[in-house]
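Hi,

Here is the structure I promised to pass on. Have a look at it first, and then read my notes below.

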Amino acid sequence: DPVAPVAGIGILGLAAGAFAGVGLAVGGLVRSSLAAGVTGVLIIATLLIDTLGAALKLPQWVLDLSIYKHLGQPMAGIFDPVGIVVATVMVVVGLVLCAVGFTRRDIGR
């Protein structure tokens, strides 16, 4: 069934969009030069927590910080609706905060 892996790729793309939303919010509200660094650190920290967290016997609340923990198993066709909604909210809120931040700047005035 090719539908489940294709949908899984879309869900993983949504997770990438959630990280981009955080970067956009940082770039809009704080400084655009910090956006890539904050997003990169967030992505690496999330991947390390997801990959090595259980092996290092980290507490459950630390393991729950990874967005990938809340998406289910997208490539197998098992989706967690709450994680998908949270990732979507991260994208939308990031875009809104970026827009608010940029409208408050005096670029072009």
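Let's start with isoleucine 67, which touches Ala18, Phe19, Thr46, Ala87 and Met90, leaving out residues up to four places away in sequence (contact means heavy atoms within 4.5 Å). You'll find isoleucine 67 in the loop between H3 and strand S1 (72–73). With 10% relative accessibility, isoleucine 67 counts as buried (under 20% relative accessible area is buried, over 50% exposed and in between partly exposed, using a 1.4 Å probe and protein chains only). Its C-alpha atom is 7.3 Å from that of glycine 83, 16 residues apart along the chain.

A quick word on the background: this is a predicted model, where local features need pLDDT of at least 70, side-chain atom pairs count only at pLDDT 80 or more, and totals for chains, interfaces and linings use all residues. Residues are numbered from 1 along each chain as its sequence is written, and side-chain values use heavy atoms, with hydrogens and water left out.

Next, the helices (DSSP runs of H or I, at least four residues; strands are E runs of at least two; both are numbered from the N terminus). The axes of H1 (residues 3–29) and H4 (residues 81–103) come within 7 Å and cross at roughly 25 degrees (axes are lines fitted to C-alpha atoms, for helices over the stretch in contact, and angles run from 0 to 180 degrees between N-to-C directions).

Finally, lysine 57 sits in the loop between H2 (32–52) and H3 (60–63). Lysine 57 has a positive phi of about 55 degrees, although it is not a glycine, and is exposed at 73% relative accessible area.

Cheers
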